[in-house]
Amino acid sequence: MSFFGNDTPSNGEFNAGGGSFEPIPNNTEVLATADEAKWAEYDGDRYINIKWVVLAPDAHKDRVLFQKIKVFESDTAKAQKAKNMLAAIDYNASGGKLVQSGQEPTDETLSQHLCHSPMYLKLMVWEMKINGEDKSGNWIQQVAPKNKQPAQQQAAAPTSGAGDDVPF
């Protein structure tokens, strides 16, 4: 008997079922944890890529979301907004240890300080045409600490101004 069996498709097509989910609705708050955080690069743009896994509510449990934090964006206002988001995630995950280090983070420090600490995310939906096809997905508008009630969430950037001092 063959390792693959007799009912293995030979037409080169296979769909494992991933990637066909409808986006989670606008303004939905989920409890999630960063499963992976590392530097990535695409078309010359360097950014921090965070892979989030939704823990609750059950309707969205185990959904995976990806977030690109473009701290080196050429538009300085957008770069600062990205640094503030990174600082908020850091503050919620590690009490701000990544920002306090004063160093540009490495893959190791991103993982060490941002991953495996549940926090609330407020999700929004993006929509656009790609190659003539309507596409949509989620983006993360806000983060908040796990100990806050979801209905009381605010952007979790530190109020001390620490988000303005991200050193890179």
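P57 sits in the loop that runs between strand β2 (45-56) and strand β3 (64-69), and in this predicted model the peptide bond that joins A56 to P57 is cis, with omega at about 5°. Most peptide bonds are trans, and most residues other than glycine have a negative phi, which is the background for several of the backbone features described below. The protein chain has an average pLDDT of 83, and 76% of the residues score at least 70, although two stretches with values under 50 are set out first.

**Confidence along the chain**

- Over residues 11-18 the pLDDT falls below 50, and the model shows zero contacts for this stretch beyond its near neighbours in sequence.
- Residues 150-163 also stay under 50 in pLDDT, but for this stretch the model has 30 contacts beyond four places in sequence.
- Where pLDDT is low, the predicted coordinates should not be read in detail.

**Loops on either side of β2**

- D43, which lies in the loop between β1 (28-42) and β2, has a positive phi of about 50° although it is not a glycine.
- The relative accessible area of D43 is 68%, and because exposed residues are those over 50%, D43 counts as exposed.
- D62 is placed in the loop between β2 and β3, the loop that also holds P57, and its phi is positive as well, near 75°, in a residue other than glycine.
- With a relative accessible area of 54%, D62 is likewise over the 50% cut-off and is therefore classed as exposed.

**Helix α1**

- Q80 belongs to helix α1, which covers residues 76-94, and the C-alpha atom of Q80 is separated by 9.2 Å from that of K70, a residue ten places away along the chain.

- Strand β4 (residues 119-130) pairs with strand β5 (residues 133-145) in the antiparallel sense, and the pairing extends over twelve bridges.
- Within this pairing, L121 stands opposite V143, the latter being a residue of β5.
- Two residues lie between the strands of the hairpin, and N131 in this hairpin takes a positive phi near 55°.

Technical notes:
Residues are numbered from 1 along each chain as its sequence is written. This is a predicted model: local features need pLDDT of at least 70, side-chain atom pairs count only at pLDDT 80 or more; totals for chains, interfaces and linings use all residues. Side-chain values use heavy atoms; hydrogens and water are left out. pLDDT is the predictor's confidence in each residue, from 0 to 100. Contact means heavy atoms within 4.5 Å. Helices (H or I, at least four residues) and strands (E, at least two) are DSSP runs, numbered from the N terminus. Buried means under 20% relative accessible area, exposed over 50%, partly exposed in between (1.4 Å probe, protein chains only). Two strands pair if DSSP finds at least two bridges between them.
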